[in-house]
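Dear colleague,

Please find below the structure that I am handing over to you. My notes on what was found in it follow directly after.

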Amino acid sequence: MSFDAFPVRPDEELKRRVKAHWEKDPCGIRYADSSNADIVAAFTDVDRQLYQQDYMRAAFAGFEQARGKKVLEVGLGVGSDLLSWARAGADVCGVDLTETSVNLIRRRLDAEGLHARVMVGDAENLPFGDAQFDIFYSWGVLHHTPDTEKALRQAWRVLKPGGTLKLMLYHYPSVFAYLVWMLYGPLRGNLASPRRIVFDHVESPGTKSFTEQEVREMLVRTAGDGLAAESIKLRPHLASSDLLTFELSEKYRERKWQIIRSIYPRALVKRLIGDRFGFFMTVEASKPR
Ligand SMILES: C[S@@+](CC[C@H](N)C(=O)[O-])C[C@H]1O[C@@H](n2cnc3c(N)ncnc32)[C@H](O)[C@@H]1O
């Protein structure tokens, strides 16, 4: 696999910057109504908006089928999925790089009388023994950690043989990558590739996006013996970022984004371009027995 589009290496300084980004702006917090003192009501609304925006997420996760299963979720944001696993009766454990996420989620669990183990930790160094979990789930996270392959090796290690790996990773090529590239690339005299522009400008520093082929190769390489590339289910999806239907975070509050959103030919993008150029890629594979 060629990673010439962006540097990929163990990088603790980059990881500190990733952590600082998410400590300050937990994913999904922009939907929260800070004037609402009722944490359950405030975050029920946040969850509703997140699932509406990521319309494919709940069906892909399969919360309802996880009753009684041991689930590890890595990268928690405001905990929408973690609480969904817990409500569905899964024996769920959650790990996030940030204190902000973990503290918020503990408060949410307490407020709903739910139980789950939630802790600060790093996808690249998971604090669990081998073969502990039936499901490893991570939505929109492993492209943010500096050494994605190391995180994948950890995911396979903690899964039981026959266990299921479920990820959402950023996909390339995508409509969103080209939109961001236009804005931060040629229009500013920057000749970097679209992937490099995503790396430098989307969410936390160092955000990667992968082709289907790269993900297949990376999974086969990290799983050890026995994972057939054809058995991996990959599917790109047009996401709210491709369709510009997402709530703009602080980073995108400038007027140009408002204008682009209002004139954006959404129906045409859906009809003519479609999912194969979507920014989200769902990935599902089973650990070889
Ligand atoms: C884009 S948010 C996604 C959160 C959640 N999965 C969601 O979709 O709402 C990325 C999350 O991953 C966490 N994260 C990033 N790198 C991580 C790492 N190496 N280990 C654990 N968590 C990490 C961040 O702190 C942040 O909460």
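The model is predicted: local features need pLDDT of at least 70 and side-chain atom pairs count only at pLDDT 80 or more, while totals for chains, interfaces and linings use all residues. Residues are numbered from 1 along each chain as its sequence is written, and side-chain values use heavy atoms, with hydrogens and water left out.

The ligand

Polar contacts are pairs of N or O atoms within 3.5 Å. A nitrogen atom of the ligand lies 2.8 Å from a backbone N or O atom of tryptophan 139, and a backbone N or O atom of glycine 75 is 2.9 Å from a nitrogen atom of the ligand. For glycine 77, a polar backbone atom is 3.2 Å from an oxygen atom of the ligand. On its own the ligand has 600 Å² of accessible area (Shrake-Rupley method, 1.4 Å probe), and the protein covers 98% of this.

Helix packing

Helices (H or I, at least four residues) and strands (E, at least two) are DSSP runs, numbered from the N terminus. Axes are lines fitted to C-alpha atoms over the stretch in contact, and angles run from 0 to 180 degrees between N-to-C directions. Helix H2 (residues 39-53) packs on helix H5 (residues 99-112) at an angle of about 115°, with their axes 10 Å apart. H2 is therefore roughly perpendicular to H5 (65 to 115 degrees). Helix H6 (residues 148-158) and helix H9 (residues 212-223) pack at about 50°, their axes 9 Å apart. H6 is therefore oblique to H9, a class left for angles that are not under 35 (roughly parallel), over 145 (roughly antiparallel) or roughly perpendicular.

Backbone features

Most residues other than glycine have a negative phi, and most peptide bonds are trans. The peptide bond from tyrosine 172 to proline 173 is cis, with omega near 5°; proline 173 lies in the loop between strand E5 (159-170) and helix H7 (175-184). Glutamate 203, in the loop between helix H8 (194-201) and H9, has a positive phi of about 55°.

With kind regards

Notes: A polar contact is a pair of N or O atoms within 3.5 Å; within protein, one must be able to donate a hydrogen and the other to accept it, and residues adjacent in sequence count only if both atoms are side-chain atoms.
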